Amino acid sequence: MTVRVTLIGGPTALIELGGLRILTDPTFDPPGEHPVAGRVLVKTAPAGLTPEQVGAVDVVLLSHDQHPDNLDDRGRDVVRAAPLTVSTAAAAERVEGAVRGLGPWTHLTVPRPDGSELRVHAVPAQHGPDGMDASSGPVIGFVLAGEGVPTVYVSGDNASLRVVEEVAENLGPIDIALLFAGAARTARLDAFLTLTADKAARAAALLGDAVIVPVHAEGWAHFTQGQADVEAAYAEHGLSDRLRMLRPGESVELDSAG
């Protein structure tokens, strides 16, 4: 079965899988400043599509709610309107809407139009170096799986290759992976908060034959690397054939063979 992935911009992508429309980390605000926890994150580019152009979605996958580059004001409107949002337990308490909180290595099922089900697994995500959990707050990634559909990994804001390896070992084989890259970094911490381009390429090597769609690698000033850096790293590691790079607003159709 074919999966269609559309990059909206930043961490926001639309995954059309098994008859369902699934949106990741909704960010639709215009460019500008977003104060958060004593610092300011600056959005530098608009989303490639508006919420109206995206249309109705069945599920929102929200890796975390505490940072505006993963959930902004217009994104909160999307969550309020969505029939189901899957996120952390903390987000389920804080965010308005039909938000279900999951812990790592738990899952829920979503009915598909053909009468079967899609399993939405929550998986770990480490938003920075070891020991950052208390500072960054809870973050999760996701694995989507079901009968007759490719298995899709959405990393969320994760900087750890160990986490990627654990996901592959526990829920693989992974067919398609949306890896949050961009090497995010802020003045508050002298460390990368998401995958660098090199780590994104090394993550692909840990994910077997998975086709990789990088997201969260453009549109914000605190990203220290961009899409060109990801492309160069994949070329250096001999993995360019696994990479499907999208610009905001672009789509690609994929199956388990890429």
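## Nonpolar cores

Leaving aside neighbours within four places in sequence, Leu 61 is in contact (heavy atoms within 4.5 Å) with Ile 22, Leu 23, Thr 24, Asp 25, Val 86, Val 120, Phe 142, Leu 144 and Val 154. Leu 61 is also among the residues that touch the most other members of the largest nonpolar core, along with Ile 15, Val 86, Val 120, Leu 144 and Leu 178. That core has 33 residues. Apart from it lies another core, of 27 residues, including Ala 181, Ala 204, Leu 243 and Met 245. A nonpolar core here is a set of buried Ala, Val, Leu, Ile, Met, Phe, Trp, Tyr and Cys residues joined through side-chain atoms within 4.5 Å. Buried means under 20% relative accessible area, exposed over 50%, and partly exposed in between (1.4 Å probe, protein chains only).

This is a predicted model: local features need pLDDT of at least 70, side-chain atom pairs count only at pLDDT 80 or more, and totals for chains, interfaces and linings use all residues. Residues are numbered from 1 along each chain as its sequence is written, and side-chain values use heavy atoms, leaving out hydrogens and water.

## Helix α2

Helix α2 spans residues 73-81, and its buried residues are Gly 75, Val 78 and Val 79. They sit on the same side of α2, because they cover an arc of only 100° around the axis. The arc is that of the directions from the helix axis to the C-beta atoms. Helices (H or I, at least four residues) and strands (E, at least two) are DSSP runs, numbered from the N terminus.

The buried residues of α2 pack against β3 (20-24), α1 (51-54), β6 (59-61), β7 (85-87) and β8 (99-101). The face turned away from the buried side carries the exposed residues Asp 73 and Ala 81.

## Strand β14

Five of the five residues of β14 are buried, so β14 is largely enclosed by the rest of the structure. Val 211, Val 213 and Val 215 point one way, Ile 212 and Pro 214 the other. Five bridges join β14 to β13, and the two run parallel. Pairing requires at least two DSSP bridges between strands. Leu 178 stands opposite Val 213.

## Backbone exceptions

Most residues other than glycine have a negative phi, and most peptide bonds are trans. Trp 105 has a positive phi of about 70°. Trp 105 is partly exposed, at 40% relative accessible area. His 216 has a phi near 60°, but is buried, at 0%.

Gly 172 and Pro 173 are joined by a cis peptide bond, with omega about 5°. Pro 173 lies in the loop between α5 (161-171) and β13 (176-180).
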